[in-house]
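Reader: I keep hearing about salt bridges, and I would like to learn how to read them in a model. Could you walk me through some?

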Amino acid sequence: MATDLNETLFERARAVIPGGVNSPVRAFKAVGGTPRFVKRAQGAYFWDANDKRYVDYIGSWGPMILGHGHPAVVEAVQKAMLDGFSYGAPTEREIELAEAILALVPSMEMVRLVSSGTEAAMSALRLARGATGRKYIIKFEGCYHGHADALLVKAGSGLATFGHPTSAGVPPEVVQHTLVLEYNNITQLEEAFSLHGHELACLMIEAIAGNMNFVRATPEFAKRCRELCTQHGALLVFDEVMTGFRVGLHGAQGVLGVTPDLTVLGKVIGGGMPLAAFGGPRAIMEQLAPLGPVYQAGTLSGNPVATACGLATLKEVAKPGFFEGLGRKTRSLTDGLRAAAKAEGLPFNADSEGGMFGFFLMDALPQNYATVMTTDNAKFNALFHGLLDRGVYIAPALYEAGFVSAAHSEEDIAATIVSAREIFRTLANR
Ligand code: KE4
């Protein structure tokens with residue numbers, strides 16, 4: 001057997017980088033096996049250290065909605081680099097990107113650019129607390145908002161009890177004001193607001209949740225979040241780091257028709273470069289330094305190369321018909337997978353919106369995290385590795401969503417379905 005260069009690199013990486021990766025999910029811990037070290041990527045594909053090609057359904061966890069190396073984006077980045085990498089001073093392009101975002105997210109009157117989704121969600125949380133003068137927040141089990149301390153929390157023992165840290169290094173005091181509720185549970189939501197509504201700064205939610213695979217907030221639940229926040233003077237914060245410009249041109253708020261107070265963005269708006277954002281009504285956003293008392297800052301915020309990459313990406317996704325085409329393509333994948341599983345007698349379901357999809361090895365679409373986690377891990381891992389062996393790269397964890405880009409061809413989708421059906425046949429007989 002020829003040397004597997006992924007293994008060689010993984011061994012070398014583990015000697016100098018914790019777990020050999022710079023973000024845990026990349027280590028394949030949930031599925032086992034050796035991570036594929038990417039050598040290069042183009043369009044819908046990447047090639048690993050052994051020069052094996054994969055159809056990429058992660059696309060950097062969402063940013064690469066155009067596919068890798070889109071010519072207009074490459075050109076914009078190459079041009080921007082020649083004018084300098086970073087200034088730590090304002091640029092016109094930051095205004096252009098801010099204007100482009102505001103034109104597409106009508107709930108925002110102002111926006112602040114930062115460098116990661118974590119930073120954007122953390123800053124939005126601080127702003128909500130500063131703007132309301134309140135300290136309690138609500139989040140939901142299965143939603144991930146980056147790794148800021150106050151958001152690394154799991155449900156307390158009972159409704160009234162506040163959260164417990166999900167990570168070492170987070171003192172219980174830091175999450176004692178975070179209430180973790182069950183997604184799509186209106187009864188719990190109403191009880192929480194009746195108990196704590198007067199002291200809630202915000203409710204933060206992924207309105208289409210991509211961190212428990214793919215779970216939609218029901219329209220009734222989303223509407224109730226909006227109503228209760230309004231009624232109690234808490235801010236409704238939509239974390240659209242993953243769904244923004246991914247599930248549709250106007251994000252999950254556009255799909256659901258619910259207007260949040262603050263929106264957190266990332267991934268697609270950077271086009272693969274470190275760029276994220278948070279925004280909302282002028283009256284709230286002007287609480288931010290240097291105007292207001294809520295401090296927030298960043299050396300590389302609004303970086304001139306990242307803004308060029310993000311702007312070029314947004315220009316492409318805003319073109320007429322982009323999301324109609326992408327939505328059709330993604331649905332052809334999930335419809336095909338559903339039909340293949342049915343033909344093989346495997347309990348399976350899938351859902352998608354725009355260029356984001358998820359699937360479950362069960363017939364009903366889960367409505368919350370606890371149901372998602374009843375998935376047969378061994379079967380998912382067998383599916384993951386079966387696809388990987390066949391050159392199809394899906395998320396190495398059953399709680400992650402999948403992503404289709406404009407570069408994925410009908411042939412790529414058809415080949416993926418054929419590969420999946422071969423594996424479904426083996427799984428159905430387990
Ligand atoms: P980053 O700090 O990783 O840029 O963004 C954090 C974040 C915030 N909000 C949502 C809804 C997110 O999905 C994320 C990050 N998503 C994960 C994938 N589930 C990034 C992958 C990783 O952690 O390596």
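Author: Happy to! Let's begin with burial: a residue is buried under 20% relative accessible area, exposed over 50%, and partly exposed in between (1.4 Å probe, protein chains only). This is a predicted model, where local features need pLDDT of at least 70, side-chain atom pairs count only at pLDDT 80 or more, and totals for chains, interfaces and linings use all residues. Residues are numbered from 1 along each chain as its sequence is written, and side-chain values use heavy atoms, leaving out hydrogens and water.

Reader: What is a salt bridge, then?

Author: It is a side-chain nitrogen of Lys or Arg within 4 Å of a carboxyl oxygen of Asp or Glu. By this rule, the count here is 13.

Reader: Which residue does Glu-344 pair with?

Author: Its partner is Arg-421, with the closest N and O atoms 2.6 Å apart. Glu-344 sits in the loop between helix H11 (322-343) and strand S15 (349-353), and Arg-421 in helix H14 (residues 410-428), so the pair ties together parts 77 residues apart in sequence. Helices (H or I, at least four residues) and strands (E, at least two) are DSSP runs, numbered from the N terminus.

Reader: Is Glu-344 buried or exposed?

Author: Glu-344 is buried, at 16% relative accessible area, while Arg-421 is partly exposed at 35%.

Reader: And where do Asp-261 and Arg-226 lie, buried or exposed?

Author: Both Asp-261 and Arg-226 are buried. They form a salt bridge too, with the closest N and O atoms 3.0 Å apart.
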